[in-house]
Amino acid sequence: MEIRGAVTLPAHREDIELETADGIRLVGELAVPLDREPVATLVTLHPLPTAGGFMDSHILRKAAARLPALADLAVLRFNTRGTSSPRGTSGGTFDGGAAERFDVAAAMDFVAARGLPRPWLLGWSFGTELALKYGPDHPIEGAVLLSPPLHRATPAEVAAWHDDPRRLVVLVPEFDDYLRPAEAVERFASVPEATVIDVEGGKHLWVGENQTRRVLTEIVAVVNATALPLPTEWHGSGATAAHG
């Protein structure tokens, strides 16, 4: 079976709930390798919920569908406060990235409680703002940012990553709607340790299988490079190809 689109590879998938320090219940899912321990964990932070972002935004959904099987990764997805998806609706209301600090903290508390290894934040668009703002507060190995708009993360919050031992890897689409590669290099200049990757032909939403594979490959290159190259065919059992 060719691995593309909505193909879902075997993993153990569990519906979970997170409880924030301010009393909000968040819904989510944890996907882990089916028959072995994960080598690292992706804590995913979705795009802007007021613009349609949620835990099933396609790159995050495909990371959960593929990377437990292909790269031995645990993938935690959840809806931030006030966000709905087929999994359900998280409590609370969208707060523009302020109270969402409690959501990030609840996810990291879950990772610690489950003993999940080597956590990385994986933010996309609005999720990159949360990663930049709150990532330094938590015991992570680093953060991977997809299409950062830098609308909410301040220059001081970006610069706070300077001299931080955690890695910061930034994927910037050539044709992004908000922040393109040349400007991204300038905006992240305060963090010379950051790796800024110009993705030729890329767009903010990473539409299409070629862009999906490029993004997932870059993520795995950072988190578990021994799993590369990612296969494009699945020869085992248990894969499904649902629509969506």
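Analyst: Let's start with helix 6, residues 209–223: its 15 residues reach 21 Å from the first C-alpha to the last, close to the 21 Å expected at 1.5 Å a residue. (The expected span is 1.5 Å times one less than the number of residues; helices, H or I with at least four residues, and strands, E with at least two, are DSSP runs numbered from the N terminus.) This is a predicted model, in which local features need pLDDT of at least 70 and side-chain atom pairs count only at pLDDT 80 or more, while totals for chains, interfaces and linings use all residues. Residues are numbered from 1 along each chain as its sequence is written, and side-chain values use heavy atoms, with hydrogens and water left out.

Among the buried residues of helix 6 are Val215, Leu216, Ile219 and Val220. Buried means under 20% relative accessible area, exposed over 50%, and partly exposed in between, with a 1.4 Å probe and protein chains only.

Now for a neighbour. Helix 1 (residues 58–71) packs against helix 6 at an angle of about 55°, their axes 11 Å apart. Axes are lines fitted to C-alpha atoms, for helices over the stretch in contact, and angles run from 0 to 180 degrees between N-to-C directions. That angle makes helix 1 oblique to helix 6; angles under 35 degrees count as roughly parallel, over 145 as roughly antiparallel, 65 to 115 as roughly perpendicular and the rest as oblique. Where they meet, helix 1 brings residues including Ile59, Ala63 and Leu67, and helix 6 brings residues including Thr212, Leu216 and Val220. Contact here means heavy atoms within 4.5 Å.

Eight strands form an open sheet in the order 2-3-5-4-8-9-10-11, with mixed pairing; two strands pair if DSSP finds at least two bridges between them. Strand 2 and strand 11 (195–199) each have a single partner strand, so one side of each has no neighbour in the sheet. On average, neighbouring strands of this sheet are turned by 20° against each other, direction ignored.

Both senses of pairing can be found here. Strand 9 (residues 142–146) pairs with strand 10 (residues 167–173) in the parallel sense over five bridges, and Leu146 has Leu171 of strand 10 as its bridge partner. Strand 2 (residues 12–19) and strand 3 (residues 25–32) are antiparallel over eight bridges, with Glu17 partnered by Val27 in strand 3. These two strands form a hairpin with five residues between them, and Gly23 in the turn has a positive phi of about 85°.
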